[in-house]
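Hello,

Here is the structure for you to look over. My notes come after it.

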Amino acid sequence: MNQKETIELLKKAPLFSRVSDKGLKAITKLATEKTFKKGTPIVSEGAPGTGFYLILSGSAEVIRKGEKIATLKAGSFFGEMALFDGAPRSADVIATADTTCLVLTLWVIKSVIAVNPNVALAMLAELAKRLRETDQSVS
């Protein structure tokens, strides 16, 4: 996938929807692409969280305590909390087809944020929204 296509997918992820093209270009230059074969764990519940994943192609399932809780496809993302706290993963994510992800580590995001603080503001806005939605669904 070329940089322009990757930037367009990043723009669709709420976490990066307000980030400027300049910020998105910086992110894609520092990020890596990683491919996972069908049936392969992308991340494992309980493992240290060290990065954010944006699915560029393929699909995956999110499984917590043996129960499927979500299906992910191209444009879906996960692991955003790890960019802030590095806490253990809260679920397994298993590739259900050959899947390519754009992987952003905590170190990559920190270096991008140092140059473009709007990246952090956009990420925080999305995390706050998700937290509110979670609180409402639990209540």
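Below are notes on the sheet and on one helix pair.

This is a predicted model; local features need pLDDT of at least 70, side-chain atom pairs count only at pLDDT 80 or more, and totals for chains, interfaces and linings use all residues. Residues are numbered from 1 along each chain as its sequence is written, and side-chain values use heavy atoms, with hydrogens and water left out.

Sheet first. It is open, with 4 strands in the order β2-β7-β4-β5 and antiparallel pairing. (Strands are DSSP runs of E, at least two residues; helices are runs of H or I, at least four; both are numbered from the N terminus. Two strands pair if DSSP finds at least two bridges between them.) β2 (41–43) and β5 (67–73) each have a single partner strand, so one side of each lacks a neighbour in the sheet. From one strand to the next, the twist averages 30 degrees. β2 is joined to β7 (residues 92–95) by 2 bridges. Pro41 has Ile94 as its bridge partner in β7.

Now the helices. α2 (residues 21–30) packs on α4 (residues 106–115) at about 150 degrees, axes 10 Å apart. (Axes are lines fitted to C-alpha atoms, for helices over the stretch in contact; angles run from 0 to 180 degrees between N-to-C directions.) The two are therefore roughly antiparallel (angles over 145 degrees). In the contact (heavy atoms within 4.5 Å), α2 supplies Gly23, Ala26, Ile27 and Leu30, while α4 supplies Val108, Ser111 and Val112.

Best wishes

How values were computed: Parallel < 35°, antiparallel > 145°, perpendicular 65-115°, else oblique.
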